[in-house]
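Me: I am new to this structure and would like to go through its pockets and its surface step by step. Could you take my questions one at a time?

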Amino acid sequence: MKFLELYSLCSAQAIGDIQFKPSLFPLPFTDPYITCHPWSKGSKNWSRWPLLLEILHPHLEKKGIKIVQIGGPNEAALPFCHNTAGATTYKQAGFLVQNCLLHLSTDTWSSHWSSYLQKKLVVLISNNYKENSTPYHALPDRTVVFEPDRTKYKPSFAYDDPIDKQIDQIKAEDVAAAVLNLLDGTKLDWPYQSL
């Protein structure tokens, strides 16, 4: 059962439409782009973002696709991204997600907004089971969800993993392959494998 369904059941409230009205946020380019919302809280922060973007950047650049980073103030800027973190409101970040080709993020509000819009989505789940945390409106053919190997790691259900950062068990090359495959069926050309 997804968390939204549980909240609905416990509150006796039907699941309705999202009431969110995005606000315009102009970008300094007209190229197509994907959005990246890398940072969240504690255990949801994946350490492999720079490596993922290093893998993805040459493939996306060949296609003329840019990467736009969204997020809050004081969040580290990632390489190869047009950084809007801290420069947008939630509504403006929602506008950027609404107009992207694909959204890439941890389990945060933007992944749920993206799924509601039925955008192509790659999301990384860390401290919960993906069956519970996958965005409610996610379409199976337009969504790829990653989580740590649950035969080795049980979810901590906490914002800070008490032992280790489980989300870091997700391999950057697997996420990059999913992004390229969802975008246009391209196979990843990367000669390395994470240990």
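Me: Which helices each supply at least two residues of the lining of the largest pocket?
Reply: Please keep in mind that this is a predicted model. The lining of the largest pocket draws at least two residues from each of several helices, and these are α1 (3-11), α3 (90-98), α4 (109-116) and α5 (130-133).

Me: What is the volume of the largest pocket, and which residues are the closest to its centre?
Reply: The volume of the largest pocket comes to about 710 Å³. Its lining is made up of 33 residues, and those closest to the centre are Lys44, Asp107, Thr108, Trp109 and His112.

Me: How many residues in the lining of the largest pocket are charged?
Reply: Sorted by class, the lining of the largest pocket holds 13 nonpolar and 15 polar residues. The remaining class in that lining, the charged residues, numbers five.

Me: How many charged residues does the lining of the second largest pocket have?
Reply: The second largest pocket holds about 160 Å³ of space, and the residues that line it include Phe146, Glu147, Lys152 and Asp174. Its lining has four nonpolar residues and one polar residue, while the number of charged residues is five.

Me: Is phenylalanine 3 buried, partly exposed or exposed?
Reply: Phenylalanine 3 lies in helix α1, and it belongs to a nonpolar surface patch that also includes Met1, Leu4 and Tyr136. Buried would require under 20% relative accessible area and exposed over 50%. Because its relative accessibility is 30%, phenylalanine 3 counts as partly exposed.

Definitions and conventions. Residues numbered from 1 in each chain as written. Predicted model: local features only at pLDDT ≥ 70, side-chain atom pairs only at ≥ 80, totals over all residues. Heavy atoms only, no water. 1 Å grid on protein atoms, 1.4 Å probe; cavity = no way out; pocket = protein on both sides within 12 Å on 5 of 7 lines; lining within 4 Å. Points joined across faces, edges and corners; volume = space filled by probe spheres on them. Helix = DSSP H or I, 4+ residues; strand = E, 2+ residues; numbered from the N terminus. Nonpolar A, V, L, I, M, F, W, Y, C, P; charged D, E, K, R; others polar. Patch = residues over 30% accessible without salt bridge, like charges linked within 9 Å, V, L, I, M, F, W, Y side chains within 5 Å. Areas by Shrake-Rupley, 256 points an atom, 1.4 Å probe, with all protein chains shown as cover. Salt bridge = Lys/Arg side-chain N within 4 Å of Asp/Glu carboxyl O. Buried < 20%, exposed > 50% of the residue type's maximum accessible area, 1.4 Å probe, protein only.
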